Amino acid sequence: MIEAKNVNFYYGDFQALRNINMEIGQQTVTALIGPSGCGKSTFLRLFNRMNDLIENTRLEGECVVNDQNIYNRSVDVDELRKEVGMVFQKPNPFPKSIFENVAYGLRVNGNNNKKSVTQRVEESLISAALWDEVKDKLHKSAFELSGGQQQRLCIARALAVSPMVLLMDEPASALDPVSTSKIEELIHRLKTDYTIVIVTHNMQQAARVSDKTAFFMLGELVEYSDTKKMFLNPDKEATQNYITGRFG
Ligand SMILES: Nc1ncnc2c1ncn2[C@@H]1O[C@H](COP(=O)(O)OP(=O)(O)O)[C@@H](O)[C@H]1O
Ligand SMILES: [Mg+2]
């Protein structure tokens, strides 16, 4: 359902991704791991064309979502970003109420039906495991929430427009352990409905949440396999060295 075909990516003269070929199945959680600067975020951002916002970059190859190369000229980037949502390292709620944060994408898409917006906001907050904590203060500012709650709010905001894919770039790295485990539980539950790709520098987290793991190094995909195999019996020595903490 998601696929990278012969992907090379450049920031100016610098090549950040080298001939990446990777298929990601539906309703799986795929973890991207590897040392800082190896290209994880660059690779993730390709799939909702967030790299388009960076000047002087160049992509070769194809990124396929739903049988379509999302870099085809016919692709509407706003439509793509509805299908492929993104959650960042630092929670980034808008300076609006909790309700309006989640309703935002619906309103941008022209849904002004009060009843349907209210219902979708509630569903999204339930899916993001935040509803019980906020249902009595929906019209309070999002900034009154804790960091962990803000991150789940950002996940609810992404879910509201019914994406198929969720891209998460170190979504728990700014959070405390309790909030982190809530996010991990949430990821586990969401994979029945969504395809999730998560960047993490936390090896235990990759092992806990993902079905498949991809190990990147210096812009190359070194190894990609079932998470269990990756952590118990990797094929490559570099993978073994990385997961046992010998570098990175
Ligand atoms: N906007 C940018 N401009 C120039 N180089 C960048 C930019 N973003 C990332 N890079 C470079 O591309 C490489 C991969 O970065 P990144 O994808 O952020 O790695 P990771 O997420 O694995 O830490 C790094 O060498 C980084 O310095
Ligand atoms: Mg990164």
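Me: Which elements each supply at least two residues of the shell around ligand 1?

Reply: They are strand 2 (14–24) and helix 1 (40–46). Helices (H or I, at least four residues) and strands (E, at least two) are DSSP runs numbered from the N terminus. This is a predicted model, in which local features need pLDDT of at least 70 and side-chain atom pairs count only at pLDDT 80 or more, while totals for chains, interfaces and linings use all residues. Residues are numbered from 1 along each chain as its sequence is written, chains are lettered from A and ligands are numbered from 1 in the order in which they are written.

Me: What makes a residue one of those around ligand 1?

Reply: Its C-beta atom, placed from the backbone, must lie within 6 Å of the ligand. Among the residues that qualify are Tyr11, Phe14, Gly37, Lys40 and Ile54. Helix 1 gives the largest share of this shell, three residues.

Me: How is the shell around ligand 1 divided by class?

Reply: There are five nonpolar, six polar and one charged residues. Ala, Val, Leu, Ile, Met, Phe, Trp, Tyr, Cys and Pro count as nonpolar, Asp, Glu, Lys and Arg as charged, and the others, Gly among them, as polar.

Me: Why is helix 6 called largely enclosed by the rest of the structure?

Reply: Of its 14 residues, 13 are buried, so helix 6 is largely enclosed. A residue is buried if 20 or more other C-beta atoms lie within 10 Å of its own, exposed if 12 or fewer, and partly exposed in between, with C-beta atoms placed from the backbone. Across the chain, buried residues make up 41% of the 248 residues.

Me: What span is expected of helix 6 (residues 147–160), and what does it reach?

Reply: The expected span is 1.5 Å times one less than the number of residues. For the 14 residues of helix 6 this is 20 Å, and the helix reaches 20 Å from its first C-alpha to its last, close to expectation.

Me: Why is glutamine 27 called partly exposed?

Reply: Glutamine 27 has 14 other C-beta atoms within 10 Å, so it falls in the partly exposed class. It is found in the loop between strand 2 and strand 3 (29–33), and its phi is positive, about 50°, although it is not a glycine.

Me: What makes strand 4 (residues 57–65) and strand 5 a pair?

Reply: Two strands pair if DSSP finds at least two bridges between them. Strand 4 and strand 5 have two bridges, in the antiparallel sense, and therefore meet the definition. In the open sheet of four strands, the order is 2-1-4-5 with antiparallel pairing. Strand 2 and strand 5 (68–69) are its edge strands, as each pairs on one side only.

Me: How many bridges join strand 6 to strand 7 (residues 165–169)?

Reply: Four bridges join these strands, which run parallel. Valine 87 has methionine 168 in strand 7 as its bridge partner. Both faces of strand 6 (residues 84–87) are covered, with Val84 and Met86 buried on one side and Gly85 and Val87 on the other.
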